[in-house]
Amino acid sequence: MKILHYPIIAFLLLLATGCKKEQKTTDKTASTVENSVTYANGLEIYKYNGFSIVKVTNPWPDAEESYTYVMQQKGGVVPDSLKKYMVLEVPLQSVVVTSTTHIPSLEMLGVENTLTGFAHTDYVSSEKTRKRIDEGFVKDVGVNESINTEIMIDLAPDAIVGFSISSNNKSMNTLEKSGLKVLYNGDWTEQNPLGKAEWIKFFGALYGMDDKADELFKQIEKDYLEAKEIAKQATDRPTVLGGAIYQDHWYLPQGDSWAALFLKDANADYLWKDSKGTGSLSLSLETVLDKAQDAEYWIGPSHFTSLQEMTDSNPHYGQFRAFKEQKVYSFSSKKGPTGGVIYYELSANRPDLVLKDLIKILHPGLLIDHKLEFFEQLK
C-alpha cells in the first residue's frame, strides 16, 4: 500500500541539485527555535519573524544529503548566513508538482489555482484539479523521470516540487541547470501514517500558510487518534493477509511499514507484523499459503478489482479462507475519470480516513455510520 506517483503495482515499493545540497548536519540557526514538525522524520520547519527554514532531511531512503530551503515573507529580511541556501519568496504564485500525493495539500490549503504543471496529468483524480487540467490551466510536463524541460522553461514556475529515489535524478538536475528552482519532497519515505500527513506543513511554508497547515493537520491527528482509541474497543483481533503475486513472487508489507502500522492501529493481527523493515517482503506462494491460508481478511490484493480477476490470474488465490468468504478488500477499484487510483492520491494526506476504513472492515460493530472512502469489498 505504498503511495507514490501512481505506482503500477500497489504492493511494490516505489521512486541533484540547484538548491543547496549538504551533508546531514545540524543547522545552528535552526537550532535556536523549536521544530514545528512532530511526526515526520524527514521534515523540519523553523519559523522566524519574516522567514522560515524548511529542512528536508530524508529526501529518499538512506539519503546522505539533506536540503535546506528558506521561505522569505514579503518584507522579511533573511540573514546573510542563510543566503547560501535556496531562498523563495512566499507565497508562491505558481508551482509544478510531480506526485499525486502533493495535490491534496494544495487543495486543502486552497491554493490549487497556483498549480500550472503536473507530471502525467492522467494520474490526477481530484475533481477540482481535473477541471483545471481539462480547461488547460495545468499542463502535462511529462513524467518525474523525464520532465519536458522546454515546457517547464515556458511555464517558468516559482518552484518545482519533485521527488527522487536517489541523488542521481537527471531530470531534476537538468531543470536546475536551466535556472528553475527544484525542491525535493520526501513525504513518500515516511512510515508513520501521521508523519506522511504532516507534510502538508511543507506546502504551508511555501505559501506562508503555516498556521492553516498546522490547523488542518491537528484536525487529522485528532480524528486519527480518536479512531485508534475506538479500535481498541474491539473484542477480537482478526488475522490479516496482504499483497499478491507478481512475477512468481508474493509481495506484502513488512512489519514496520506504513501499511502494517495502519493494521496495527486498527487493532488487527497482521500475520507478518513481526518482520523487520519498512519495505516489501518477497515470498513464495507456498510460504504465504502455509501461514495465511486461514487468515480472516485480505487487505490490498495489488491491482485486482474483482475475485474473478484474481483467480484468472492465479487459481491458487481461491485456496485462501478470506477469498472463499469474500473478505477481500481492495483500494484499486475506486478511480478518477482518467484512471488514477484515488487511494494513491489522497490516502497519504488523510490517514484518518484510511484507518476508519480499516476499522469499519475489520470490526463491523464499530464506526457503524462510516462509509468506506478508499476500500471496496471484491465480488
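Because the model is predicted, local features were considered at pLDDT of at least 70 and side-chain atom pairs at pLDDT 80 or more, while totals for chains, interfaces and linings use all residues. Residues are numbered from 1 along each chain as its sequence is written, and side-chain values use heavy atoms, with hydrogens and water left out.

The protein chain contains 13 helices and 20 strands; helices (H or I, at least four residues) and strands (E, at least two) are DSSP runs, numbered from the N terminus. The C-alpha trace spans about 65 × 40 × 35 Å along its principal axes. For 379 residues, a compact globule would have a radius of gyration near 21 Å, and the value of 21 Å for the protein chain agrees with this. That radius is taken over C-alpha atoms, and the globule rule is 2.2 Å times the number of residues to the power 0.38. Of the 379 residues, 58% are buried (under 20% relative accessible area, with a 1.4 Å probe and protein chains only).

Two packed helices are described by the angle between their axes and the distance between the axes. Helix α8 (residues 258-265) and helix α13 (residues 351-362) pack at an angle of about 55°, with axes 9 Å apart. Axes are lines fitted to C-alpha atoms, for helices over the stretch in contact, and angles run from 0 to 180 degrees between N-to-C directions. The two helices α8 and α13 are therefore oblique to each other; angles under 35 degrees count as roughly parallel, over 145 as roughly antiparallel, 65 to 115 as roughly perpendicular and the rest as oblique. In α8, Phe262, Leu263 and Asp265 meet Pro351, Val354, Leu355, Leu358 and Leu362 of α13. By class, this contact has 7 nonpolar, no polar and 1 charged residues. Here Ala, Val, Leu, Ile, Met, Phe, Trp, Tyr, Cys and Pro count as nonpolar, Asp, Glu, Lys and Arg as charged, and the others, Gly among them, as polar.

In helix α4 (residues 170-177), the buried residues are Ser171, Met172, Asn173, Leu175 and Glu176. They pack against β10 (146-147), α3 (149-155), β11 (159-162) and β12 (182-184), contact meaning heavy atoms within 4.5 Å. Just after α4, Gly179 takes a positive phi of about 95°.

Leu252 lies in strand β15 (residues 249-253) and is buried, with a relative accessible area of 0%. Leaving aside neighbours within four places in sequence, the contacts of Leu252 include Leu241, Tyr270, Trp272 and Val288.

Key:
Buried < 20%, exposed > 50% of the residue type's maximum accessible area, 1.4 Å probe, protein only.
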